[in-house]
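Biologist: I have this one open on my screen and keep getting lost in it. Could you pick a single part and take me through it slowly?

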Amino acid sequence: MFWTKKSEPLSPPLSTAPPGPLPSLPTIFLGVDEYFVEECGDVLRSDLVFSMNAKAIHPALEGTIRETQLPILNYLSGKDVLSLTKALGGGSLIVGVEEIMTKLKDLESLPWEKNRYRCAIADDSWFDVDQEYQQVANNLFQMLRHMYNNGSSIIIMAQMGLFTVPRQICNMFGFESNWNFASYTKRVISKTDVGGRILGDSFPFETKYIKANFVAAPQNECLFVEHIDPADYEWSDSDSGGRESAPEPSRLPEPNTESPVVVHFGNNGCISYFGFVNSLDVSYGAILHRLANVTYGNQANT
């Protein structure tokens, strides 16, 4: 499975983010394809607003008032926001694969001591590298574990759709949840209660037919569930003259509880697996913006 370049879909404005000020710490993209980063416009916009140099990039962005800057940035495409992010020398940090190969060859070059990030986004290709790059991948994983243990949100994208990655995530970050790859398929989904609290209207659909990598996980860590439409199971009753009737709840099948997005909250940070594979199905940026800023308090109390 490979990413293809697509135009960025319209996504909910950042005013749909959780109440209160957004974190000032930026996001780091580690070895993620640039085409994909363009789809993460909401994450980039959030970081741009809080960049120390935001007022210098364009006269229209002068000032530091969120209400002034965000509406302007929302008119820009993901590609344009990505260009501004690079021009800033601040905000989101996009580290390409080649740069990782040179910077993460030894532990002394890891950037965690000098920089703090609220979120790190990487893809699952790092879980299956050639032997010559295994030490680089191990160093990257050590960096992610350090960030997770110190309160950051970690997001692993299903770029290659490797079947073993959900289970490897559990082992790597040392939690007991039983995450297992279940299927790569199409399905109608809706948000779970947990998904509604975390995602809000970043996933604005009551139901959505999507294609994704689905993971079997504990229900309190699943943000989506299969939607069962009673209209698909209407039945004819001879006693009612053959008229079709809505089925009784007991006659409906149980929904499949596998989810394309699962989240585990540790003592400090959280780790998410993101299994959506088509940014035209859902807005990556809006959802990732929520996952980048999620905390256990938000999940438990909102």
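Modeller: What follows is a walk across the sheet, then over to the helices.

Before we start, this is a predicted model, so local features need pLDDT of at least 70 and side-chain atom pairs count only at pLDDT 80 or more, while totals for chains, interfaces and linings use all residues. Residues are numbered from 1 along each chain as its sequence is written, and side-chain values use heavy atoms, with hydrogens and water left out.

OK, the sheet. It is open and mixed, with six strands in the order β2-β1-β3-β4-β11-β10. Strands here are DSSP runs of E with at least two residues, helices are runs of H or I with at least four, and both are numbered from the N terminus. Two strands pair if DSSP finds at least two bridges between them. At the edges sit β2 (93-95) and β10 (261-265), each pairing on one side only. From one strand to the next, the twist averages 15°.

Start at the β2 end. β1 (27-30) pairs in parallel with β2 over three bridges, and Phe29 stands opposite Ile94 there. β1 also runs parallel to β3, this time over four bridges, with Leu30 partnered by Ala122. Both faces of β1 are covered: Thr27 and Phe29 are buried on one side, Ile28 and Leu30 on the other. Buried means under 20% relative accessible area, exposed is over 50%, and partly exposed is in between, using a 1.4 Å probe and protein chains only.

Now hop to the other end. β10 and β11 (residues 270-274) are antiparallel and joined by five bridges; in that pairing Phe265 stands opposite Cys270. Helix α8 (residues 165-173) packs on the sheet, touching β4 (153-157) and β11, and its direction makes about 170° with that of β11. Helix α10 packs on the sheet as well, touching β1, β3 (119-123), β4, β10 and β11, at about 145° to β4. Those angles are between N-to-C directions and run from 0 to 180 degrees, with axes fitted to C-alpha atoms, for helices over the stretch in contact.

One last stop, in α10 (residues 284-293): Gly285. Gly285 is buried, with a relative accessible area of 1%. Leaving aside neighbours within four places in sequence, Gly285 is in contact (heavy atoms within 4.5 Å) with Glu39, Cys40, Gly41, Asp42 and Val43. Arg45 is 240 residues from Gly285 in sequence, and the two are 9.6 Å apart in space, C-alpha to C-alpha.
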